[in-house]
Amino acid sequence: MKLGLRLTLPAQVLVLFISVFPLLMQLYISLTDWSPLSGAPWPRAWEFWNSFANYTDIPGDRRLWAALGRTLLVMVICVPVEFLLGLGLGLLFVEDFPGKKLAYSILIMPMMVVPAVAGYMFFMLFQSGGPVNDLLSVFGPVTIAWLSDPWLALVAVMVADIWQWTPLMFLILLAGLVGVPQDQLRAATLLGASPWQRFRTITLPRMKVIITIALAIRAIEAFKIFDTLYIMTGGGPGVATETISVYFYKITTNDLIWGYVAALALFILVSLSIAAQFAMKRMAR
Amino acid sequence: MTAIHLQGLTKRFGPFTALQPMDLEIRDGEFLALLGPSGCGKSTTMNMIAGMEKPTGGRILFGDRDMGAVPMARRGVGFVFQNYAIFTHMTVRQNLDYGLRMAGVDPGPRTAAMAELLGLTDLLDRPSQGLSVNILQRLAIGRSAIMEPAIFLLDEPLSNVDAAFRAVMRTELKSLQRQFRQTMVYVTHDQLEAMTMADRIAVMDHGVLQQVGTPLQVYNRPANTFVARFLGAPGMNLLPGHAVQSGSAVQVDLGPIGLTPPLPGPASGPVTYGFRPEEVTLDPASPLKLPVTHVERIGARCIVHLGPVKAVFPAGTEIPSGVVGFTPGKPCLFDAKGGRI
Amino acid sequence: MTRAILRTLAILAALAVTLIPILWMVSMAFKPPSEWQAAGEALTWVPRAPTLDNFRYLFGQGGSDLIATLDRTAVKPILSSLLSASVGTLIAMTCGTAAAYGLSRFGSGANLPLALIQLRLFPPMAVMIPVMMMWAFLGLMDTWFGLALVYGIVTLPFAFWLMKTFFDDMPKEIEEAALVEGCTRWRVFTRVTLPMMAAPLAAASLFVFILNWSDYLIALLLTTREWVTIPVYMASLSSSMTGQLYGAKAALGLIAAVPPVVLGVLIQKHLVRGLTFGALKQ
């Protein structure tokens, strides 16, 4: 066998192993009522055949659509906020100033904190007797029960996400900003462009690709949001902060309705693939 | 059109002095070349005129207006960058009318006129990426010129251009300047560009202004040994010697080479005796004698090495071998510190 | 001038927001149980009586009158995290580097770039049921190597893309020279290319290690008791007497947070490349 093929073989095997087998298994299970508690090993899941019942259940799954809506809400709030904050910070870091390297090293720290640990940090911060309320109480005594209020819990979760992932935007966008040719910015200045005009006509168009990449990466990750959120709220109170991943986790480990989970997983995979194809085509243009 | 006055202009970067206090008048409508080797302070000077760098000391006046507090966006200076800094994500038209659009002025008629003037009309809606370098140069100049700046600054615009193409670009640049009639400051390390295009040349070295004058003045009457050596290819011959007074004239004892013909003016002690390679004539009767060590024949000219001295003759000249006598024309004398006597 | 002041203020504010959560956890980690919660009194930002008890407690020592000694210490979870993340990194880097080289030099496996991006696109949650079924079948549930294998697959895209851009950047002339000398392609790869790529390999490995070390969800699903990793163990730390073991959890969080932050600073200049699948270089 050729060396090139031999070199790529292990990776190909792993990719097949994680895509083809699971897909086939999922397809099989998704057509049954099988669960780990069924008393039969999974190869015998056909004994619990229920044809397409799992799929027809999806449209009526209110908890699913609520979770999806919440996931999208987190996405459309957090990603733009992170983008704007990251861009603002990036613009501050284009010019040199004393202590820049140290400030940079500190500012990118949050994204390297283990997400579960970050979740725990914010769990502590948002305790009713915790530092957030303590800081807010300069305006008067505050005892907000952040994590047990449905909407405030979601806010707290988003704050944690923004804290952890703004540095990523900052890091990527700064790399892009630094790459904008200085001479072009100076030329624009000498032609009378204001800072805002320079930003709009030179910086932004030059950063288009980078901005797209940064937004895409963050949007994908935000869609999968689990660790911080689950540690902070466990999806609660009730189901108030349940996102797609949390919902999946719960019906997998608590409800154990694996046939339905498999159907749902396939549904999500197919939807995401279509969305990705669509997005790629638009990006290519 | 505006005159530029530099008064005691100084620039230091930390402990390093990039520009010693410099006084220079750039006349209204003049094409002045700032000429010098890299690191001589010429670009720093121009960046300060444009407002891209802040002077450490001294003043810059446009006409009678002090530019100290005027930011670069409002100096009304046209600037052509070494790499032209074309906005490659825009079309030719978008580049050309950029300044007008930013100022909120209707770009239509002025853009068309400028494109016509520069021969860019057919290219207006082409993307500016991938255009040839002479078109980029025209575009860079047009983009600034459309704002009708009083002053035009050009930062080595030909240094990235193929040698073969430079002559074309020089001619084009000079004719553009004649059309616009603006005050132009042109930074270059290439003496040929300075000599062919400039009205006056300011020669700089190590952050010090060495001499200002017309191309012929700085060529024929260099203020010091640096200018003498820097201009001309090859540069001026400079021989160390000893001045000997003879009546009202001076002769220079060049040691083994001989005693020079008399020159006007008083001088004494150690001096440097300089003369252009082009001004050397072979003359068996001359008191100055050196052996021919090497002959370079390069097309229309031949360069004859007489030990430390270089002489330039037309291509067909018969060069004798062995020790020859020679007479330097238009000699210059420099004192021990290199200044002209 | 005012601009410089505004900039300084903005950066100081960003630094404060960045550091407060981290410093609060550090502060918590050194607080005795009595200071864990602001029971009626003012919140303590700096521990009044700093102590290492929280760390001792994690490793099975003491406990106080408030909390019983742990029956399961943090030693094994730390070991589990280390083993699974390191071996996962080894798997991802070995397969990723080989495949990246194969694609970069021989054009083999042209499907991999897109396939691996897609792998990254899907929520891991959506493929975990079959993995759990297979792992149960193969006896890999609740083992560090079962976890390591999943880590190796999940971080393979990063290893592959990073190494691919590094190989693409590497001048081919040196390899060609070695080939002319009569080396086989395999020898060139192992004796010339890999040693030359030592620094990028190290950077990519550290990057992949950070990702593996940071996992929570996969360990939550694939480990149950014996080989739980630090985050899973941390989430389970609580006592019926005191509820949340704030200080001990903070101490553990600190232990978990230090390696990636230190490694992250080490590979700072490769972070952009790593996080954007090599699309951007710093």
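**View 1. Chain C: burial and overall dimensions.** Buried residues make up 56% of the 282 residues in chain C. Buried here means under 20% relative accessible area, against over 50% for exposed and partly exposed in between, with a 1.4 Å probe and protein chains only. The model is predicted: local features need pLDDT of at least 70, side-chain atom pairs count only at pLDDT 80 or more, and totals for chains, interfaces and linings use all residues. Residues are numbered from 1 along each chain as its sequence is written, chains are lettered from A and ligands numbered from 1 in the order in which they are written, and side-chain values use heavy atoms, with hydrogens and water left out. Chain C holds 14 helices and two strands. Helices (H or I, at least four residues) and strands (E, at least two) are DSSP runs, numbered from the N terminus. Along the principal axes, the C-alpha atoms of chain C fill a box of roughly 75 × 70 × 35 Å. Of the contacts in chain C with a separation of 6 or more, 71% join residues 24 or more positions apart. A contact means heavy atoms within 4.5 Å.

**View 2. The interface of chain C and chain A.** Two pairs of chains touch, and chains A and C make the most contacts. Chain C contributes 85 residues and chain A 81 residues. Together they bury about 7500 Å², 82% of it on carbon and sulfur atoms. Buried area is the accessible area (1.4 Å probe) that two parts lose on being put together, summed over both. Arg7(C), Ile129(C) and Met133(C) supply 9% of the area that chain C buries against chain A, more than any other three residues.

View 3. Two salt bridges link chain C and chain A. The rule asks for a side-chain nitrogen of Lys or Arg within 4 Å of a carboxyl oxygen of Asp or Glu. One salt bridge pairs Arg3(C) with Glu95(A), with the closest N and O atoms 3.1 Å apart. Nine residue pairs, both at pLDDT 80 or more, are in polar contact between chain C and chain A. A polar contact is a pair of N or O atoms within 3.5 Å; within protein, one must be able to donate a hydrogen and the other to accept it, and residues adjacent in sequence count only if both atoms are side-chain atoms. Helix α1 (residues 2-29) of chain C gives the most to the side that touches chain A, with 14 residues. That side of chain C has 66 nonpolar, 13 polar and six charged residues. Ala, Val, Leu, Ile, Met, Phe, Trp, Tyr, Cys and Pro count as nonpolar, Asp, Glu, Lys and Arg as charged, and the others, Gly among them, as polar.

**View 4. The interface of chain B and chain A.** Here 20 residues of chain B meet 16 residues of chain A. The two chains bury about 1600 Å², 64% of it on carbon and sulfur atoms. On chain B, β6 (77-80), α3 (98-102) and α5 (133-145) each give two or more residues to the side that touches chain A. The largest share, three residues, comes from α3(B). By class, that side of chain B divides into 14 nonpolar, five polar and one charged. No contact joins chain B and chain C, and their closest C-alpha atoms lie 13 Å apart.

**View 5. Helix α5 of chain A.** All 11 of the 11 residues of α5(A) (residues 115-125) are buried, so the helix is largely enclosed by the rest of the structure. Among them are Pro115(A), Gly119(A), Tyr120(A), Phe122(A) and Leu125(A).
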